[in-house]
Amino acid sequence: MPNSSRSGAIAATVKIAAGADRSHYDAASIVLHWATVVLVVLLFALAEVWDFLPRPERHLLIVAHMSFGIILTAVIIARIAWRLTPGHQVRPAVTGWVELAAKSVHYVLYGLLAAQALLGFAIRWSGENPKAMSFFGLLIPSPFGPSSKALHELFEQTHDWLAWAIIIIAAGHALAALYHQYVLKDDVLRRMLPEGHARQSGRTAPRP
Ligand code: HEM
Ligand code: HEM
């Protein structure tokens, strides 16, 4: 290969690996995405398990759920702020109705997660006898006065329903990512993996 075309190819590879063509998510987006995944699964598992435990252990799991829930709230705010900052968007990996479907699922997940965070606080801070939120034992008292029991129960029920909705939609989204990676082999999953993985593959997602 002549020198000029070899250096051109190296420059293009470095550019692609660095995500400069916006076909790959940046490091901050990747960390925030996988932190969200771990926290959502952990929060769901804690909430599904605590009903089977006696009081002291149940209380510990509820405090853990609230504490990691507050961390997830911060992660969601950071992710949405980062995504809205110019220069942090990626090119779509797919086109047409598939692009619309993928984007809709992403927006629905962001919306449900934001609603879930608000409901988490609302559950504790509502009802006839509002309780404090706990961040690893640090108590954050309710800024609101007492409210009706019915409102408190509505917040609880909606939080429970949204939990299942998030898990089911996220599972469908994960299966779609795996389908792209292993059946269509278009490297969509690698867009959300650290750059080492993208470079090893030597491929990037197709341009729209
Ligand atoms: C995003 C931040 C979140 C916060 C601040 C939060 C907070 C809370 C709080 C305070 C409770 C009530 C605990 C009690 O006093 O009994 C609760 C219950 C629950 N949470 Fe969360 N949560 C969050 C996210 C999640 C997520 C992502 C899921 C699952 C995907 C989830 C699933 C549940 C479930 C299933 C319950 C039990 C509801 C019931 O049976 O009434 N939470 N959460
Ligand atoms: C609780 C679980 C999950 C949630 C809430 C979630 C949420 C999201 C969101 C909101 C986006 C859009 C990112 C953006 O453009 O701002 C996204 C992208 C992505 N997620 Fe997830 N995700 C979850 C689990 C997973 C899993 C388990 C996988 C892999 C098996 C995965 C693979 C991907 C990939 C590859 C993208 C990039 C898609 C593209 O390039 O268009 N996600 N995810």
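# Helix packing and nonpolar cores

**The crossing of helices H3 and H4 is left-handed.** In this predicted model, the axes of H3 and helix H4 (residues 96-124) lie 10 Å apart and form an angle of about 140 degrees. Angles over 145 degrees would count as roughly antiparallel, and H3 and H4 are therefore oblique to each other. On the H3 side, the contact is made by Gly 69, Leu 72, Thr 73, Ile 76 and Ile 80. H4 contributes Tyr 110, Leu 113, Ala 114, Ala 117 and Gly 120. By class, the residues of this contact divide into 7 nonpolar and 3 polar, with no charged residue.

**Helices H2 and H5 form a left-handed crossing.** The axis of H2 comes within 11 Å of that of helix H5 (residues 149-184), and the two cross at roughly 135 degrees. H2 and H5 are therefore oblique to each other. Val 40, Phe 44 and Ala 47 are the H2 residues in the contact; they meet Ala 163, Ile 166, Ile 167 and Ala 170 of H5. The contact of H2 with H5 has 7 nonpolar residues and neither polar nor charged ones.

**The largest nonpolar core comprises 6 residues.** Its members are Val 40, Leu 43, Leu 72, Val 75, Ile 76 and Leu 113. At least two residues of this core come from each of helix H2 (27-49) and helix H3 (55-84). H3 provides the largest share, with 3 residues. Leu 72 and Ile 76 of the core also take part in the contact of H3 with H4, as does Leu 113 from the H4 side. Val 40 belongs to the core and also to the contact of H2 with H5. Leaving aside residues up to four places away in sequence, Val 40 touches Ile 166 and Ala 170.

**The protein as a whole contains 6 helices and 2 strands.** From the N terminus on, the elements follow the order α-α-α-α-β-β-α-α. Of the 208 residues, 14% count as buried. Among contacts in the protein with a separation of 6 or more, 62% join residues 24 or more positions apart.

Note on methods: Residues numbered from 1 in each chain as written. Chains lettered and ligands numbered in written order. Predicted model: local features only at pLDDT ≥ 70, side-chain atom pairs only at ≥ 80, totals over all residues. Core = buried A, V, L, I, M, F, W, Y, C linked by C-beta atoms within 7 Å. Buried ≥ 20, exposed ≤ 12 C-beta atoms within 10 Å, placed from the backbone. Helix = DSSP H or I, 4+ residues; strand = E, 2+ residues; numbered from the N terminus. Contact = placed C-beta atoms within 7 Å. Axes fitted to C-alpha atoms, helices over the stretch in contact; angles between N-to-C directions. Parallel < 35°, antiparallel > 145°, perpendicular 65-115°, else oblique. Left-handed = near helix turned anticlockwise from the far one by under 90°. Nonpolar A, V, L, I, M, F, W, Y, C, P; charged D, E, K, R; others polar.
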